[in-house]
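Here is a short tour of one protein model. Take a look at the fold before you read on.

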Amino acid sequence: MVSERLSHTAAFNLGFFVGVGSRRESVALHGASHMLEHVLFKGTPRLSAEEISASIEGVGGDLNAYTAKEHTCFYARLLAEDADRAVGVMSDMLAHSLIEPEHFSSERTVVLEEIAMGNDDPGDVAHDLSARRLYGPSGLAKPVIGSVESIRAMDRDAVVEYWLAQYRADDIVVSASGAVDHDRLLEQLAPLDRVLGQRHAPGSSPEADAAAVAEPGIVVQTRDFEQLEAVMSWPGLALLDPRRAALDVLVTVLGGGMSARLFVEVRERRGLTYSIDASEIAYTDAGQVSIEWACAPERLQQIVDVVREVLDDLLAHGLTAAELSQAKGQIRGQTLLGLESPSAHMSRNGRTVLQDDPRTVGEMLAAVEAVTLEDVHALARELFTAKPTLAVVGPWDEDRTISVG
């Protein structure tokens, strides 16, 4: 358990970070981590689903959860005077949920609706296509939410077994921030620790496979949208790779705002798209760098060519000293402003402890400040000399050809 007391707030933020996500799911259990995120809210011997939500919302708080590829998080935010309520409700959910067959069936329908909603979002579809192409046979290629086929076929008893196997004391980090009484929280969590500490996997459970990078290429899904959504991706860096600071600078210069190279060249000077961004995501042993935009179908090749020109110029000449300085200031400001809320502290602390990430915020900012022009240039040469993966979703003429250089 990790807690951070913040004297300037009356809020209490609590998160349970479970070290399992879609990456560790078998084919038959694809989407089980996300399904658990749903069904653990459906009732315990002590509380019905309505009572779970009302107990937190009735005092002005929020209770929610999310699933990622390598972890699942249940979190609450409410006044510190109601902290005991959040600890009790969330402990009850994680340890004693009933997961009744009828509730499992109803949430199956809800998840299928959620999948349909995601399928109507071209950005979500493009990112899923990109991950599938980039990571090939590894678990990182799978969408977190599951597929229509896997959710329809999912067995309730198998999901319960998965819950008992994965939600164990040695794979959960509890993070709290705000007006926290650390000793009281430890005392309150002791019964949960005993219950989850006694859990053992009733059967074999798949572990995360090694990240595999597939051959790059172009993948297209034809959809009846007004625009094409495009995501151009390269393999990136793992979570604790020491070059992540240089990658932060590189991504910021390329697509970190309206003053970034790609935005200026593609949007401001040529007016080819409303917005274009660059981003990076890191997993324990892999990563991804992406550039994404939406455009009219006839402008796709032109934008790809301009992106390639921007990257080629970067490869040839590197950054300027002014760009390096501005990127460092931008990263520092965004990092510190992003930690203004107690919930951000809770989230960061929970994830870093779960992921065995020892870096403090100060150390991360110091690493960014130490980045040199050559650090960024060397990393750019390593990343962007490789052929990218291009995922495209939207109206597509079968006779259209596209070259990514």
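## The five-strand sheet 6-10-7-9-8

Five strands build an open sheet with mixed pairing, in the order 6-10-7-9-8. Strands and helices here are DSSP runs, numbered from the N terminus: a strand is E over at least two residues, a helix H or I over at least four. Two strands pair if DSSP finds at least two bridges between them. The edges are strand 6 (218–222) and strand 8 (276–282), and each pairs on one side only. On average, neighbouring strands of this sheet are turned by 15° against each other, direction ignored. Axes are lines fitted to C-alpha atoms, for helices over the stretch in contact; angles run from 0 to 180 degrees between N-to-C directions.

The model is predicted: local features need pLDDT of at least 70 and side-chain atom pairs count only at pLDDT 80 or more, while totals for chains, interfaces and linings use all residues. Residues are numbered from 1 along each chain as its sequence is written, and side-chain values use heavy atoms, with hydrogens and water left out.

## Partners inside this sheet

Strand 6 and strand 10 (residues 389–394) are parallel and share five bridges. There, I218 stands opposite L390. Helix 11 (residues 300–317) packs on the sheet. It touches strand 7 (228–235), strand 8, strand 9 (287–295) and strand 10, and its direction makes about 140° with that of strand 9. Contact means heavy atoms within 4.5 Å.

Strand 7 runs antiparallel to strand 9, joined by eight bridges. P235 of this pairing faces Q288 in strand 9. Strand 7 also pairs with strand 10, antiparallel, over five bridges. Here V231 stands opposite A391. Seven of the eight residues of strand 7 are buried, so the rest of the structure largely encloses it. Buried means under 20% relative accessible area, exposed over 50%, and partly exposed in between (1.4 Å probe, protein chains only).

## The sheet 1-5-2-4-3

Another open sheet has five strands in the order 1-5-2-4-3, again with mixed pairing. Strand 1 (2–5) and strand 3 are the edges; each has a single partner strand, so one side of each lacks a neighbour in the sheet. Neighbouring strands here are turned by 10° on average, direction ignored.

Strand 3 and strand 4 (residues 72–79) run antiparallel, with six bridges between them. A65 has F74 as its bridge partner in strand 4. Helix 1 (residues 32–39) lies across strand 3 and strand 4, at about 170° to strand 3.

## Helices 10 and 12

Which residues of helix 10 (residues 261–268) are buried? They are R261, L262, F263, E265 and V266. Their cover includes helix 9, strand 8, strand 9, helix 11 and helix 12.

E323 sits in helix 12. Leaving aside neighbours within four places in sequence, E323 is in contact with V253 and R261. The C-alpha atoms of E323 and L250 are separated by 9.7 Å, though the two are 73 residues apart along the chain.

## The largest pocket

The largest pocket holds about 1500 Å³ of space. Its lining has 48 residues; R244, E280, I281, A282 and R351 lie nearest its centre. Helix 14 (361–369) is one of the elements that each supply at least two lining residues. Helix 14 gives the largest share, six residues.

A pocket is an open set of points on a 1 Å grid over the protein atoms alone, where a 1.4 Å probe fits, with protein on both sides within 12 Å along at least five of seven lines; lining residues have an atom within 4 Å of a point. Grid points are joined across faces, edges and corners, and the volume is the space filled by probe spheres set on them.
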